[in-house]
Protein chains: 2
Amino acid sequence: MTTIRVSLGPRSYDIAVDEPGGIGPFAATRLKGRRAYVFADYNVAALGERTLDELGRAGITGRLATIPPGEASKSIAQLAVLYERLAQARTDRQTAVVAVGGGVVGDLAGFAAATYNRGLPLVMVPTTLLAMVDSSVGGKVGINLPAGKNLVGAFHQPAGVWIETATLTSLSDRDYRAGLAEVVKYGMILDADFFAWLESNADAVLARDPAAVARVVARSCELKAGVVAGDEREETGLRAVLNFGHTFAHAFETAAGSDGRHGEAVAAGMACAARLAERRRMIPADVTARLIGLLTKFGLPSAPPAPPRPDEWLDAMRRDKKAVAGRLRFVLPHRIGAVDMIDDIPEDAVRDILTEVGP
Amino acid sequence: MTTIRVSLGPRSYDIAVDEPGGIGPFAATRLKGRRAYVFADYNVAALGERTLDELGRAGITGRLATIPPGEASKSIAQLAVLYERLAQARTDRQTAVVAVGGGVVGDLAGFAAATYNRGLPLVMVPTTLLAMVDSSVGGKVGINLPAGKNLVGAFHQPAGVWIETATLTSLSDRDYRAGLAEVVKYGMILDADFFAWLESNADAVLARDPAAVARVVARSCELKAGVVAGDEREETGLRAVLNFGHTFAHAFETAAGSDGRHGEAVAAGMACAARLAERRRMIPADVTARLIGLLTKFGLPSAPPAPPRPDEWLDAMRRDKKAVAGRLRFVLPHRIGAVDMIDDIPEDAVRDILTEVGP
């Protein structure tokens with residue numbers, strides 16, 4: 001259907017969305033070596049096998065290993081298992097890692113690829129909406145520590161991203177909706193027209209109409225690719241716009257159990273950020289209302305998880321990777337399609353938001 | 001005494017060798033943040049404390065943790081301990097990691113710095129000759145796996161390297177001599193004049209005459225800095241010259257127990273490489289003789305560890321990070337001060353060398 005270029009000089013790469021031909025030829029033209037190790041989420045093991053077959057027909061041979069599903073796999077222990085498998089396979093520097101699955105597999109296998117032999121080529125095959133529109137694009141890979149999510153990681157750009165939106169048909173309704181939170185985010189931070197399109201086409205998107213899904217994925221990738229191209233390693237501040245809603249979201253996720261979805265936390269976080277912006281008179285009430293309206297239409301939360309734990313959340317925010325010397329930073333909207341980085345927000349204002357909106 | 005610049009564009013940095021003023025002002029002008037975590041080898045804990053004090057006087061506050069000495073600390077388990085300490089200290093992206101010790105601490109703490117929060121500033125304070133002339137310069141950091149040394153790692157350039165050659169006075173004779181192997185290597189691969197200077201001044205170098213030691217360290221850093229500047233991430237092949245003797249050495253180290261020193265393996269590996277080059281008529285016999293003469297003068301081995309295990313060593317060489325699709329690559333001299341990368345060497349020729357020179 002379409003190919004999106006992520007422009008990063010010598011590390012540029014393509015995101016193929018519903019392109020014909022299969023992953024074999026796509027990978028073969030983008031890899032120097034002819035060996036691969038496919039790591040697939042256990043839930044998509046069949047797709048992992050098909051991927052290995054298609055790579056084989058294109059002359060790329062290798063092995064397949066499955067990874068237990070769930071966030072718990074983004075651990076040092078599971079990373080050590082992947083390292084061991086790569087060592088057993090006598091992986092050399094041209095052996096590619098192919099990550100088939102959602103964000104967990106992409107982040108974990110991607111981090112193994114970033115660090116084994118000081119860096120292996122990586123091909124991403126995201127199978128969840130969240131992974132397609134967010135985690136597989138931009139080169140961020142990593143694992144969790146007991147102290148917090150994504151505390152360990154690297155920037156490691158893939159050699160290519162292969163997306164088949166048809167794989168989304170098997171995604172649970174909850175996971176599909178959670179992925180839409182990041183899609184809404186792209187509209188809010190960068191593209192008012194896309195936001196309006198989502199409002200107008202919410203039913204088709206929710207019904208997973210193939211053309212609507214393809215547009216959602218392709219436009220989200222385009223928008224993220226543009227940001228990443230301007231700030232590959234989060235150094236200029238440009239990439240920080242992608243964190244809209246995420247300072248809140250990470251706090252909710254750190255404090256919450258493992259049951260929540262990242263997208264649900266992001267939805268609640270974006271709603272909190274909009275309320276904070278409204279309180280600072282950066283946006284009128286109708287912007288908050290449109291955001292919450294679209295999130296609600298998509299079945300996403302617009303308030304933090306109950307019960308409210310403002311102290312715990314604030315504590316987690318101060319520990320956030322993006323905090324500097326404990327000072328909180330927020331990405332706040334000043335209209336639909338544009339955001340600013342604000343770092344002079346008093347903690348009391350944040351606490352009020354966290355307390356008010358708790359159900 | 002002297003400062004050497006490693007020119008890597010935005011990642012350029014200085015190596016200060018015996019400069020006045022202490023590490024405090026050196027670090028303060030090179031770090032954005034004012035927080036640090038000092039990781040020191042247990043054997044140089046006192047220097048770790050002094051480093052923390054000097055940083056404190058320059059306005060950089062932080063904590064100190066010691067790391068058990070020995071190669072066994074370059075493990076996933078010890079890495080997890082460092083991550084945990086960094087998390088407890090509420091490390092943000094401007095908090096610097098300061099690595100005080102030899103190659104083990106530099107590689108381990110350096111890899112933690114490369115990956116925690118996707119990258120922290122790193123200051124190297126090498127305290128062994130090997131670390132001063134080799135591992136602290138060039139940005140290579142990493143840990144070992146049960147399957148092999150340095151199989152996991154990253155390229156992460158430090159913000160600065162602070163060297164006080166006076167710390168070498170407490171280094172054991174064996175470790176000091178082992179460090180000289182890499183010094184001899186720089187002469188062999190890049191600088192015939194420096195090689196000749198080492199031959200003429202071997203007694204002063206062995207006696208650790210301060211001026212001789214400072215010259216050894218500064219010239220070695222200069223030579224390595226020049227190579228690293230031309231090939232930061234081992235992509236152009238230029239940096240491969242630094243692997244002279246190392247394909248053999250890594251094999252000896254993989255097969256041997258933990259008693260050997262890296263420098264001793266490198267010395268034996270360089271002697272093997274010279275014999276291989278001589279057999280291919282790349283060099284006359286007197287080049288091999290001069291190399292072995294200097295190594296012997298420095299009390300270093302010129303043969304692999306006994307008993308010979310050619311099959312095991314060859315197997316390890318095929319698994320080496322630099323091997324591609326199992327094909328062996330060697331850096332071989334064509335005169336003193338110049339080497340070539342050769343990758344068409346039959347395994348039988350290598351096996352002969354490995355069998356012949358075993359004591």
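Analyst: Start with Ala268(A) and its contacts. Setting aside neighbours within four places in sequence, Ala268(A) touches Phe252(A), Pro301(A), Ser302(A), Ala303(A) and Pro304(A). Keep in mind that this is a predicted model.

Where does Ala268(A) sit? Its place is in helix α11 of chain A, which covers residues 262-279. Is Ala268(A) buried or exposed? Its relative accessible area is 1%. Buried means under 20%, so Ala268(A) counts as buried.

Now look along the chain. Asp53(A) and Ala268(A) are 215 residues apart in chain A. Their C-alpha atoms are separated by 41 Å.

Next, a helix pair in chain A. Helix α3 of chain A spans residues 76-88, and helix α4 of chain A spans residues 103-115. Their axes come within 10 Å and cross at roughly 55°. That angle makes α3(A) oblique to α4(A). The crossing of α3(A) past α4(A) is right-handed.

Which residues meet there? From α3(A) come Gln78(A), Leu79(A), Leu82(A), Tyr83(A) and Leu86(A). From α4(A) come Leu108(A), Ala109(A), Phe111(A), Ala112(A) and Thr115(A). By class, this contact of α3(A) with α4(A) holds 8 nonpolar residues, 2 polar ones and no charged ones.

Helix α6 of chain B covers residues 173-190, and helix α9 of chain B covers residues 210-230. Their axes come within 10 Å and cross at roughly 50°. α6(B) and α9(B) are therefore oblique to each other. Here α6(B) passes α9(B) in a left-handed crossing.

On the α6(B) side, the contact uses Tyr176(B), Val183(B), Tyr186(B) and Leu190(B). On the α9(B) side are Val213(B), Val216(B), Ser220(B), Leu223(B), Lys224(B) and Val227(B). This contact of α6(B) with α9(B) has 8 nonpolar residues, 1 polar and 1 charged.

Last, the two chains together.

How values were computed: Residues numbered from 1 in each chain as written. Chains lettered and ligands numbered in written order. Predicted model: local features only at pLDDT ≥ 70, side-chain atom pairs only at ≥ 80, totals over all residues. Heavy atoms only, no water. Axes fitted to C-alpha atoms, helices over the stretch in contact; angles between N-to-C directions. Helix = DSSP H or I, 4+ residues; strand = E, 2+ residues; numbered from the N terminus. Parallel < 35°, antiparallel > 145°, perpendicular 65-115°, else oblique. Left-handed = near helix turned anticlockwise from the far one by under 90°. Contact = heavy atoms within 4.5 Å. Nonpolar A, V, L, I, M, F, W, Y, C, P; charged D, E, K, R; others polar. Buried < 20%, exposed > 50% of the residue type's maximum accessible area, 1.4 Å probe, protein only.
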